[in-house]
Amino acid sequence: MSEILSIKDLDIKDKRVLIRCDFNVPLDDFLNITDDRRVRSAIPTIKYCLDHGCSLVLCSHLGRPKEGQKEKFSLLPVVKRLQRLLDRDDILFANDVIGLDARTKAKELKPRDILVLENLRFEKGETKNDEEFASKLAEFGEVYINDAFGVCHRSHASVEAITRFYDEKHKAAGFLLIKEIEFSQNLLKRPTRPFVAVVGGSKVSGKLQALHNLVTKVDKILVGGGMAFTFLKASGIDVGNSLVEEDLIEDAKEIMKKAKELGVKFYLPVDVVAAQTCSQDAIMKFVTYQEIPKGWMGLDIGPATVRMFREALNDAQTILWNGPMGVFEIEKFSKGSTKISHAIADSHATTVVGGGDTADVVARSGNADEMTFISTGGGASLELIEGKELPGVKPLRVKDR
Ligand code: AMP
């Protein structure tokens with residue numbers, strides 16, 4: 001694959017720059033931002049542009065708004081956080097996306113001014129990759145920068161259609177996007193070995209393609225979370241009421257067979273935390289994988305599995321982690337994920353974490369600073385592992401090299 005057009009290669013001096021950011025942050029019921037990692041990750045590109053005398057128009061989506069849900073999905077909380085992170089109180093906010101307010105405010109921008117547009121998804125054209133909407137959006141910047149890795153796997157107007165309105169001298173990836181892509185690509189191309197993948201999360205289905213691709217690249221795969229039970233069942237184990245995707249049992253067998261043929265060590269849990277219901281007040285038991293009682297389900301990896309996984313991670317030089325080891329949202333079933341987070345953070349390996357839930361586990365476990373790289377995009381990072389070209393990145397590749 002060719003190189004990506006970088007913001008560093010563009011002449012942006014004193015220009016009006018439109019940056020597609022990923023400000024899709026989680027908010028609580030009072031509209032407080034509960035994790036501002038994505039806003040903080042956008043700062044290097046914003047500051048670089050300000051240092052070059054640019055005026056900036058920032059745009060992003062937030063959540064999945066439906067008709068009439070304006071306040072809950074407004075980017076206003078993000079603007080307030082940006083003011084604080086950039087230590088300035090003059091950031092402008094438009095109460096529409098391509099409407100009169102946005103256009104009027106954009107017209108008056110002076111060098112180093114910043115205008116944030118309202119949630120892109122308030123416009124129907126955004127998710128439809130509508131070219132007309134994209135062309136109106138493109139009027140906000142002489143230069144277009146994409147720094148929104150989290151949405152690059154989607155063909156949306158602000159990441160895909162908009163690139164048709166800029167030539168190679170006027171569009172590029174921002175620092176965050178470049179870092180994300182390079183990290184994932186180089187990791188898979190040239191990992192220092194042993195290379196260990198730790199995968200978890202609810203289902204095999206969401207990660208099937210990634211597993212097929214990973215098995216050809218890694219030395220060991222450690223499987224936890226709900227997806228482990230499809231593999232256990234495929235190995236002939238009775239897993240009670242645990243989450244199983246019956247229609248993927250053959251795929252699970254195929255992946256394990258491939259691992260065996262390639263000499264890849266494939267680890268499944270040897271014990272689990274089982275309960276009859278998935279709730280904090282449920283009675284729980286630690287049982288070996290052979291002894292999950294009828295009607296019970298495995299909701300976390302057990303202590304023996306944690307020890308075994310830790311042992312398997314011991315000699316790793318590269319670790320890729322995607323997916324929690326259990327239902328970490330419920331404290332009772334969060335220990336497995338927390339302990340694996342500590343084990344990965346403690347290792348001397350290059351550690352790369354992908355997926356919103358996994359990043360959340362790492363943050364809750366207090367290990368965020370110890371990881372080498374935490375991706376800001378769940379779906380997008382998974383598609384990179386699958387070996388796919390992302391629709392938002394393809395138009396930013398250098399064409400003639
Ligand atoms: P994913 O989006 O596929 O990465 O899955 C993340 C979700 O998997 C989290 O919300 C976890 O609660 C859930 N999960 C992890 N382990 C289990 C399990 N053993 N049974 C059911 N759900 C699980």
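A polar contact is a pair of N or O atoms within 3.5 Å. The model is predicted. Its protein chain is divided into domain 1, residues 7-180, and domain 2, residues 191-385.

**Domains and their interface**

- The centres of domain 1 and domain 2, taken over C-alpha atoms, are 35 Å apart.
- Contact between the domains involves 10 residues of domain 1 and 11 residues of domain 2.
- The size of an interface is often given as the accessible area lost when the parts come together.
- Here domain 1 and domain 2 bury about 920 Å² between them. Carbon and sulfur atoms account for 60% of that area.
- Three residue pairs are in polar contact across the interface, with both residues at pLDDT 80 or more. The count of salt bridges between the two domains is zero.

**Leu176 in helix α5**

- Leu176 is found in helix α5.
- Leu176 counts as buried because its relative accessibility is 11%, and the cut-off for buried is under 20%.
- Leaving aside neighbours within four places in sequence, Leu176 is in contact with Ser41, Thr45, Asp147 and Thr376.
- Lys339 is 163 residues from Leu176 along the chain. The C-alpha atoms of these two residues are separated by 29 Å.

**Helix α2 and what follows**

- Helix α2 covers residues 76-85. Its buried residues are Pro77, Val78, Val79, Arg81, Leu82 and Gln83.
- These buried residues pack against helix α1 and against strands β2 (55-59), β3 (92-93) and β4 (114-116).
- Asp87 follows α2 and has a positive phi, near 55°.

- Asp113 lies in the loop between α3 (100-107) and β4.
- At 14% relative accessibility, Asp113 counts as buried.
- Not counting residues up to four places away in sequence, Asp113 touches Cys54, Ser55, Leu56, Arg88 and Glu108.

- Most residues other than glycine have a negative phi, and most peptide bonds are trans. The cases below depart from those patterns.
- Asp14 has a positive phi near 60°. Asp14 is found in the segment before β1 (16-20).
- Asp14 is exposed, with a relative accessible area of 53%.
- Asn129 also has a positive phi, of about 55°, although it is not a glycine. Asn129 lies in the loop between β4 and α4 (131-138).
- Asn129 is buried, with a relative accessible area of 16%.
- The peptide bond from Arg193 to Pro194 is cis, with omega near 0°. Pro194 lies in the loop between α5 and β7 (195-199).

How values were computed. Residues are numbered from 1 along each chain as its sequence is written. This is a predicted model: local features need pLDDT of at least 70, side-chain atom pairs count only at pLDDT 80 or more; totals for chains, interfaces and linings use all residues. Side-chain values use heavy atoms; hydrogens and water are left out. Domain bounds come from an automatic or database domain assignment. Contact means heavy atoms within 4.5 Å. Buried area is the accessible area (1.4 Å probe) that two parts lose on being put together, summed over both. A salt bridge is a side-chain nitrogen of Lys or Arg within 4 Å of a carboxyl oxygen of Asp or Glu. A polar contact is a pair of N or O atoms within 3.5 Å; within protein, one must be able to donate a hydrogen and the other to accept it, and residues adjacent in sequence count only if both atoms are side-chain atoms. Helices (H or I, at least four residues) and strands (E, at least two) are DSSP runs, numbered from the N terminus. Buried means under 20% relative accessible area, exposed over 50%, partly exposed in between (1.4 Å probe, protein chains only).
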